[in-house]
Amino acid sequence: MDLTPSDEQRLLRESADRFVCETYTADHRRKVANEPLGFSAKIWKQFADLGWLALPIAEAYGGLGGGAIETGILMEAFGRGLVSEPYLSTVVIGASLISECGTEVQKQALLPDIADGSLYLAFAHSERQARYDLADVTTTAKKTPDGWRLDGHKTAVLDGNAAGQIIVSARVNDANGKLCLFLVPQGARGLTLRDFPRLGGGRACNLDLKDVQLPADALLGDGGDALPAIEAVVDRAMTALGAEAVGIMQTLLDQTLEYTKIRKQFGRPLSANQVIRHRLADMAMQCDEARSMALRAALMADAEPVARARVASGAKAKIGKCARFVAEQSVQLHGAMGVTEELDIGSYFKRLLAFDTLFGGSAYHYRRHAALGGRTVQA
């Protein structure tokens with residue numbers, strides 16, 4: 001297997017690294033954290049101009065036709081800069097759900113708007129009782145003479161406050177009880193959002209849907225069961241998040257290595273101590289293991305469902321374990337400075353903690369990986 005990046009992939013990595021390095025400074029992150037949306041709309045427009053929003057969208061709908069490898073390259077660069085723009089919620093998840101489930105009319109109407117940066121999306125699926133089980137949805141959709149009525153509650157909707165359209169999952173209230181997706185516009189009557197800041201940057205919200213009336217064409221697709229598509233898209237989202245975590249881990253390693261070279265104790269740099277070198281070597285190994293798992297998950301993103309899901313869960317579990325180790329070692333080797341506002345270490349640490357819980361932690365995905373392989377793991 002030849003894993004050498006193509007010329008286009010190398011150019012993408014170089015341009016993304018350069019843009020992130022020049023734009024996402026500590027001052028910029030502090031400024032953006034105070035924005036109502038939790039990100040910069042101006043920078044989002046630059047993403048569109050650079051073609052990043054169109055990257056995974058099919059060429060027929062104004063996209064570039066990129067795959068999971070290209071998305072991973074971009075997400076790794078985003079991890080290095082702690083990018084808070086809603087790329088995951090709008091492009092990786094939202095655009096993929098429309099591509100997987102939408103009718104031709106819906107694709108033609110929505111995907112070009114995502115590619116040019118004029119439409120933000122959010123995916124409202126998680127519910128309090130589900131505990132990461134994608135099939136556990138109690139929000140209901142009832143057919144009405146004019147369309148649909150939605151009732152239920154959703155938690156931790158990424159970037160829901162900024163979304164022009166929110167893709168809401170609900171079970172159709174009929175004999176089949178199929179899981180379907182609906183496009184709910186921001187500001188719909190009966191829709192209540194409770195916004196909050198996310199750990200490590202960005203914003204999310206909880207949704208209450210009470211007698212939300214929607215037209216018939218709000219149904220995404222033809223009304224078939226959307227669960228297989230949701231599982232596929234969430235697996236791709238975990239793959240993208242794994243690449244982002246690798247970028248964060250590499251930045252923590254680089255900053256920690258530099259700090260141990262200039263910080264002196266008893267007249268010697270910290271890095272002159274063998275035990276410190278061992279810790280740095282362990283951090284480097286964890287970074288390389290995580291990078292390998294992220295690449296394997298990206299390569300398997302379009303595999304058959306069981307193989308794809310096993311690899312995605314294996315990567316999420318392993319990268320989560322590696323990320324926690326690297327983050328904790330980085331804070332420890334920086335001493336008390338690691339948790340102050342003076343350094344970025346604390347911000348990267350928080351983002352990695354958020355990664356470990358989003359879409360399920362390591363323990364959950366170890367069990368899912370085992371179950372998909374026909375084995376069981378004790379909780």
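Before going on, a word on what you're looking at. This is a predicted model, with residues numbered from 1 along each chain as its sequence is written. Local features need pLDDT of at least 70, side-chain atom pairs count only at pLDDT 80 or more, totals for chains, interfaces and linings use all residues, and side-chain values use heavy atoms, with hydrogens and water left out.

Buried means under 20%, exposed over 50%, and partly exposed in between, with a 1.4 Å probe and protein chains only.

| Residue | Relative accessible area | Class |
|---|---|---|
| Cys 21 | 62% | exposed |
| Cys 205 | 0% | buried |
| Arg 131 | 62% | exposed |
| Ala 156 | 41% | partly exposed |
| Ala 371 | 52% | exposed |
| Ser 40 | 15% | buried |

Arg 131 has a phi near 55°, a positive value in a residue other than glycine, and its place is in the loop between β1 (121-124) and β2 (140-144). Ala 156 isn't a glycine either, yet its phi is positive at about 50°; you'll find Ala 156 in strand β3, residues 147-158. Helices (H or I, at least four residues) and strands (E, at least two) are DSSP runs, numbered from the N terminus.

**The cores**

A nonpolar core is a set of buried Ala, Val, Leu, Ile, Met, Phe, Trp, Tyr and Cys residues joined through side-chain atoms within 4.5 Å. The largest one has 90 residues, and Phe 47, Tyr 87 and Leu 88 have the most contacts inside it. Helix α7 supplies the largest share of this core, 16 residues. There is also a second, separate core of 23 residues, with Ala 122, Ala 163, Ala 170 and Val 172 among them.

What does Phe 47 touch, leaving aside its neighbours within four places in sequence? It is in contact (heavy atoms within 4.5 Å) with Phe 19, Tyr 24, Trp 52, Leu 53, Phe 78, Val 83 and Glu 85. Ser 40 is in the loop between α2 and α3 (41-50).

**A cavity and a pocket**

The search runs on a 1 Å grid over the protein atoms alone: a cavity is a set of points where a 1.4 Å probe fits but cannot get out, a pocket is an open set with protein on both sides within 12 Å along at least five of seven lines, and lining residues have an atom within 4 Å of a point. Grid points are joined across faces, edges and corners, and a volume is the space filled by probe spheres set on the points.

Searching the whole structure finds one cavity of 30 Å³ or more. The largest cavity has a volume of about 30 Å³, and its lining includes Asp 235, Arg 236, Met 300 and Arg 308. Both α7 (227-262) and α9 (305-334) give two or more residues to that lining.

The second largest pocket has a volume of about 580 Å³. It is lined by 28 residues, and the closest to its centre are Arg 29, Ala 33, Gly 200, Gly 201 and Ser 347. Helix α2 gives the most to this lining, with six residues.

**Helix α11**

Which residues of helix α11 (residues 362-372) are buried? They are Ser 362, His 365, Arg 368 and Ala 370, and they pack against α7, α9 and α10. Ala 371 is also in α11. Although Ala 371 and Arg 310 are 61 residues apart in sequence, they sit 8.8 Å apart in space, C-alpha to C-alpha. After α11 comes Gly 374, with a positive phi near 85°.
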